[in-house]
Amino acid sequence: MRIGPFLLIALLCSASLLPNDTEAQDLGELVDGVGRSYAELYMQPLADGLGADLNSGLFHTARIGGGLLPLVDLYVGAKVMGALVTDADKTFDLSYRTEQVFRASDGRRYTVPVTFEIANGPTVFGRREPGTATVSINETVSNGPDGVRGTSDDVVIDTTATFDVLPGLIDTPVAPLIVPQFGFGSIAGTDLVVRYLPRIGHDEFGSIGLIGVGVRHSISQYLPLLPVNVTGQFMWQKLSIENQADDEIFSASAWAANIAASRRLLILTVYGGLQMEGSSVDIDYTFEPEDPDLPSQSVAFDLTGDNTFRVLGGIALGLGPIVINADAAVGQRSVFSAGVGLSL
């Protein structure tokens with residue numbers, strides 16, 4: 001699985017800002033300082049979409065037990081999710097003001113205020129053309145020999161530089177994800193839910209893996225007169241990316257707790273639920289630029305996904321042991337999911 005471009009999304013955020021004027025060395029130090037702020041805004045839509053995706057497709061029925069095999073229930077399938085990406089997720093603005101040391105025309109070095117600005121910069125889901133950042137310094141640092149400010153012999157640092165910032169990785173209306181899912185049960189009305197992707201990758205680009213574990217418990221078994229099946233579920237998941245040295249550079253974790261209800265009508269099952277959830281993304285990476293004049297760039301931060309609650313509904317079609325389902329969820333972020341599997 002070639003995942004090299006994905007590995008570099010967050011990693012190039014600061015190192016790819018290359019100045020194009022004679023202040024390259026000093027401005028390079030500024031870029032190092034602003035790199036985290038830029039990377040966080042660039043990556044936030046990915047954290048939002050990935051977190052919402054991971055917490056999708058966790059069930060397609062609230063029924064536990066009654067499978068085709070005696071004394072055991074088994075589900076083996078795959079779930080496909082897509083969180084909607086809005087126009088607001090595709091661009092960001094950043095204005096960052098700091099202080100930096102620059103050498104002036106008199107040969108001395110001064111600490112001056114510097115402004116770094118990006119307007120409508122592309123996020124990871126933005127346009128494929130690079131955005132533009134502007135760095136500007138306009139500061140009188142010395143009154144000159146006459147000691148009077150505003151005269152011709154003032155020492156002024158007046159510099160403006162432009163930078164190309166990262167383009168979007170993919171300009172898309174949805175943030176897609178596909179995961180394998182397994183279900184095992186039931187014991188005392190309880191199922192085990194597992195999502196697992198063994199670590200796969202390439203020696204040159206690194207690897208990716210996924211693990212998720214959850215339990216579903218029948219609530220309706222205690223209320224036999226209910227006309228629908230009702231379950232409660234809790235799920236925890238982690239997706240991680242490691243570099244060639246097996247160091248974890250990207251991890252996304254998610255948890256969800258839901259109450260689901262379903263009603264079976266011949267081969268059709270109608271289901272829905274309420275879900276509380278949370279997710280986060282952690283990034284920790286050091287990028288070594290190809291340009292030997294630029295220092296290595298360290299990127300380390302964490303982001304929180306914006307989806308915390310959802311209402312969802314869907315339908316599942318049972319064709320013998322084959323189950324096909326689709327549902328839609330509405331919360332801070334809208335998500336669609338579908339699945340196909342073997343249910344015994």
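Start by selecting Asp191 and Arg216: their side chains meet in a salt bridge, with N to O at 3.0 Å. The term stands for a side-chain nitrogen of Lys or Arg within 4 Å of a carboxyl oxygen of Asp or Glu. The pair links distant parts of the chain, with Asp191 in strand β7 (residues 190-202) and Arg216 in strand β8 (residues 206-218), 25 residues apart. Colour by accessibility and you will find Asp191 buried at 9% and Arg216 buried at 7% relative accessible area. Here buried means under 20% relative accessible area, exposed means over 50%, and partly exposed lies in between (1.4 Å probe, protein chains only).

A word on what you have loaded: this is a predicted model, in which local features need pLDDT of at least 70 and side-chain atom pairs count only at pLDDT 80 or more, while totals for chains, interfaces and linings use all residues. Residues are numbered from 1 along each chain as its sequence is written, and side-chain values use heavy atoms, leaving out hydrogens and water. Helices (H or I, at least four residues) and strands (E, at least two) are DSSP runs, numbered from the N terminus.

Next, select Glu277 and Arg310. Their closest N and O atoms are 2.6 Å apart, in another salt bridge. Glu277 sits in strand β11 and Arg310 in strand β13 (residues 309-319), so this pair ties together parts 33 residues apart in sequence. Glu277 is buried at 3% relative accessibility, and Arg310 is buried at 2%.

Now go to Asp48 and Arg333, a salt bridge with 3.6 Å between the closest N and O atoms. Asp48 belongs to helix α2 (residues 24-54) and Arg333 to the loop between β14 (322-331) and β15 (335-343), so the contact ties together parts that are 285 residues apart in sequence. Asp48 is buried at 7% relative accessible area, as is Arg333 at 8%.

Switch to the backbone for the last stops. Most residues other than glycine have a negative phi, and most peptide bonds are trans. Asn120, in strand β3 (residues 109-122), has a positive phi of about 55° and is partly exposed at 46% relative accessibility. Leu266 also has a positive phi, near 60°; look for Leu266 in the loop between β10 (248-265) and β11 (268-287), where this residue is exposed at 78%. Finish at Gly185 and Ser186, joined by a cis peptide bond with omega of about -15°; Ser186 is in strand β6 (residues 174-187).
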